[in-house]
Amino acid sequence: MVKFKIDNKVVEAKEGEYLLDVARRYGFSIPTLCHHEALGSDGRCRVCVVEVKTRWRKRIVTSCLFPVSKDIEEVYTASEDVKLVRRTVLELLLARCPESDVIRYMAAKYGITEPRYKKDTDKGKCILCNMCVRTCENIVGVSAIGIIGKGPEKKISPPFREASDACIGCGACVAVCPTGHIFMEDKDGIRLIWRKRFELAVCPKCGRYHAPVEQLEFISKKTNVPMEELLVCTNCR
Amino acid sequence: METDRAKLDNTIAKYGNDRSLLLSMFQDIQREYRYLPKEAIKYVCEKLNIPVVKGYEMATFYKSLSLVPRGKHTIHVCMGTACHLKGAPGVLEAFERDLKVKRGGTTEDMLFTLESVNCLGACALAPLVRVDEKDFGKVNQTSVKNIIDEYKRGE
Ligand code: SF4
Ligand code: FES
Ligand code: FES
């Protein structure tokens, strides 16, 4: 266990624990856009920056990936430098995703309503936090989408930018996306997502469309629960 | 394009079915077909039990891999700072005009793919053009013609 201060309050943490987790445990609020309890950290969004002071120097670090060590003396979650860096990060994100109300709201808190940078028009609301990809790979376990391309052209997509055999239409990526970028539509018994059409299963008890047949088949195969049982929606089970 | 399964199997075997060597496999396939056919990406990934999207991520990340067929020769026009100052934009334009393709494109006869790069590390020779592995220094509009002719004659 090591002791140090976060915003002047003494805290205790295990060596190697990430600063963000320690800070949150003690009730400090640090904004994040690519961190999720179930997914861990990925260090993509950079809004979680804090300032760390050691015996030798002060510096800005991404708290979600910065391990606690004996060298840390103090951490500041809202110093002038932290605010400056966070403001810049949010300004860049806003320039990338001017349509995102989430980013707009966060940026406004730091006094940014209009970015100074040229606004992108082709990125939608995607900030490339990678949470959808990590969810699809690590939680759902199918890896239907990925980060495609590089540089300014990078985007989230299924392989070959077409309907993917791997996708089961579960919509977990939609649920985890912090900005609501991913398009999904359920209409007349059909779910549309990632350029793929899914037939939705009808619950034999209440007659409600509830989940893509392909997703239920996937679950059935994984868990050995027969399809007949899975076809009944969670409300009627 | 038809991809030869047996050949792909050989490539995979050559790298001991080791999925961490996927890039090497892709490079071999790229060399063979002068691009990475979609079927090849799918086949290799499935064989190695890698999600297809991982192969596609890799294929779209590395500049040496291409998803569309490339020309027999790749012309790299250096657009780095030194070359830029020494007239690289004019050189690129000359290539585009003479080959009738835009940067990144491939000629109809599949002989040339035109690319730009940022600094090939031989700035003293600016403006520099690299065709496959061969460098041409101090290029001007006339030498652009000569370079193209040299490779066309080689056919
Ligand atoms: S689509 Fe959403 S979850 Fe996926 S990378 Fe973009 S912002 Fe993140
Ligand atoms: S939460 Fe730390 S970089 Fe996104
Ligand atoms: S700028 Fe062209 S070789 Fe360096």
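1. Let's start with a term you will need: a salt bridge is a side-chain nitrogen of Lys or Arg within 4 Å of a carboxyl oxygen of Asp or Glu. By that rule, 2 salt bridges cross the interface of chain A and chain B. Please keep in mind as you look that this is a predicted model.

2. One salt bridge to find on your screen joins the side chains of Glu162(A) and Lys38(B), with 3.0 Å from N to O. The interface of chain A and chain B also has 5 residue pairs in polar contact. On the side of chain A that touches chain B, strand E6 (residues 146-148) of chain A supplies the largest share, 3 residues.

3. How many residues are in contact here? On chain A there are 15, and they meet 14 residues of chain B. The area buried between the two chains is about 1,200 Å², and carbon and sulfur atoms give 62% of that.

4. Now turn to the nonpolar cores. The largest one has 38 residues, and Leu33(A), Val47(A), Leu93(A), Cys132(A), Ile145(A) and Ile156(A) have the most contacts inside it. Among the elements giving two or more residues to this core are helices H2 (80-96) and H3 (101-109) of chain A, while H4(A) gives the most, with 5 residues. This core lies between domain 1 (1-120) and domain 2 (131-230) of chain A, because both give residues to it.

5. Leaving out residues up to four places away in sequence, its neighbours in contact include Cys126(A), Leu128(A), Ile145(A) and Trp194(A).

6. Finally, look for a second, separate core of 26 residues, with Ala94(B), Phe112(B), Ala126(B) and Phe136(B) among them.

Technical notes: Residues are numbered from 1 along each chain as its sequence is written. Chains are lettered from A and ligands numbered from 1 in the order in which they are written. This is a predicted model: local features need pLDDT of at least 70, side-chain atom pairs count only at pLDDT 80 or more; totals for chains, interfaces and linings use all residues. Side-chain values use heavy atoms; hydrogens and water are left out. A nonpolar core is a set of buried Ala, Val, Leu, Ile, Met, Phe, Trp, Tyr and Cys residues joined through side-chain atoms within 4.5 Å. Buried means under 20% relative accessible area, exposed over 50%, partly exposed in between (1.4 Å probe, protein chains only). Helices (H or I, at least four residues) and strands (E, at least two) are DSSP runs, numbered from the N terminus. Domain bounds come from an automatic or database domain assignment. Contact means heavy atoms within 4.5 Å. Buried area is the accessible area (1.4 Å probe) that two parts lose on being put together, summed over both. A polar contact is a pair of N or O atoms within 3.5 Å; within protein, one must be able to donate a hydrogen and the other to accept it, and residues adjacent in sequence count only if both atoms are side-chain atoms.
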